[in-house]
Amino acid sequence: MGLYVAFIDLTKAFDTVSRDGLWKILSRLECPPKFPEMIRQLHEGQMGQVKQNGTLSDSFPISNGVEQGCVPAPSLFSIFFSMMLQEAKEEVLDEIYICFRPDGSPFNLRRLLAHTKTVEQLITELLFADDCALLAHIETALKHLVNRFSDASKAFGLTISLKKTEVLYQPPPMENYSPPHITIDGATLNPVEHFTYLGSVISNDVSTDKDLDNRLSKASSSSGRLSKRVWKNYSLRLITKIKVYRAVVTPTFLYGAETWTLYRRQVRLLERFHERSLRSILNIKWPDYVSSEDALEKAQLPSIGSILLKQQLRWAGHFTRMEDSRMPKAVLFGELKAGKRNRGAPRKEALFRLFNYANFLFIFRKAAAGELLEDSGFSALARLAEVDVDEVGVGGAAKFFEAKVKEQASSNKFEAEIRQEQEERKKAAEEAKARKQGFKGKQAAFGAH
């Protein structure tokens, strides 16, 4: 099914909160009587001045909004905004439900087919501070939800910025894209093909290409600003430059990488930027003939593949340890209640990839600790050589195991005989092809005479 998203932008949200409405909300939530009174005393009697060209204006009272920089201000705004959303979500026409089952293995998707043990969770909005995104499967439902949100914001004293509020439509597979038409008070909202939400670019084609381009562009810009003062500053030690690179550049182009599902071409794109940046820091020129592995070893940094897997495993572990009632865990380990996948489409590709690497890391560490059976293949591999997973990363450990598997296979006499026979057949086929080409050459020469 398709997905319609309206990214709502509020005009000076924290400064326009109705204080009278906030006091009523706190009393309705049955807060202790002393708490609303303390909050009210913090906000009463506030005065402000405007400074222009070194001159201060006359004092004026501040009667709206929460205190900027005050510790409880974000929590107070979240309470106020949540009550407004609760008012806006009444009588919703279309609802997005996630089928979620907290018990059993989260990687067994067939368990979601059960009707008695499956939990359904409703998702109608994404909220972070004053950044709000309204969700719906059909356009008419989103129109209704946006109009309800507009009415609720007016009732609570908030103002929607119509110029900055935009709508994104992600069509289902094999369906042409058509721009959505959503209006607020007669003003048409701007339909977009991609939107930057919380630093990540969301595209209508559900791909990460634009997000990768955006991250690489920002990382290249930050690296370029450090080129003269850091990378080409020969008074700084190499270890200092590498630390600056890890603290500034790497988090910039890997921001949000925990949620990426990447193809090989995209990983190679990140690897090229990573290696090019390190070669610039290490002052390695192309005539030096230094391989990528040697450059990474000299910089004492892992490859991008290892960094990505480490971040995604840490992220998956964080979500797994969440309570079952949390929405992020339901989204990660659940599926949409409505809609169907095309036959043959991959299911939970990123989740299963993390599961495979997590299993690999678990088995490897048990084998290295000697906790597996003596006659098991993993235990035999662990005894062949030592490798530090924390140092080389999961990708390096995987390469280590692949190399050892090939080594054991090559030492097997039966496997060696099969490989020798395959090589002989290949050599015979090449010789037959060469004889055939030589015969054709002689035939062409004889025909010429």
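A word on the source. This is a predicted model, in which local features need pLDDT of at least 70 and side-chain atom pairs count only at pLDDT 80 or more, while totals for chains, interfaces and linings use all residues. Residues are numbered from 1 along each chain as its sequence is written, and side-chain values use heavy atoms, leaving out hydrogens and water.

Strands are DSSP runs of E, at least two residues, and helices are runs of H or I, at least four, numbered from the N terminus. β14 pairs with β15, residues 200-203, in the antiparallel sense over four bridges; pairing requires at least two DSSP bridges. The bridge partner of His194 is Ser203 in β15. Two residues separate the strands of this hairpin, and Leu198 in the turn has a positive phi of about 55 degrees.

Now the rings. Rings of Phe, Tyr and Trp (its six-membered ring) pair if their centres lie within 6.5 Å; planes under 30 degrees apart are stacked, over 60 edge-to-face, the rest tilted. The count comes to 10 aromatic pairs. One of them is Phe7 with Tyr197, tilted, at 5.5 Å centre to centre and 45 degrees between the planes. Phe7 lies in strand β1, residues 3-8, and Tyr197 in β14, 190 residues apart.
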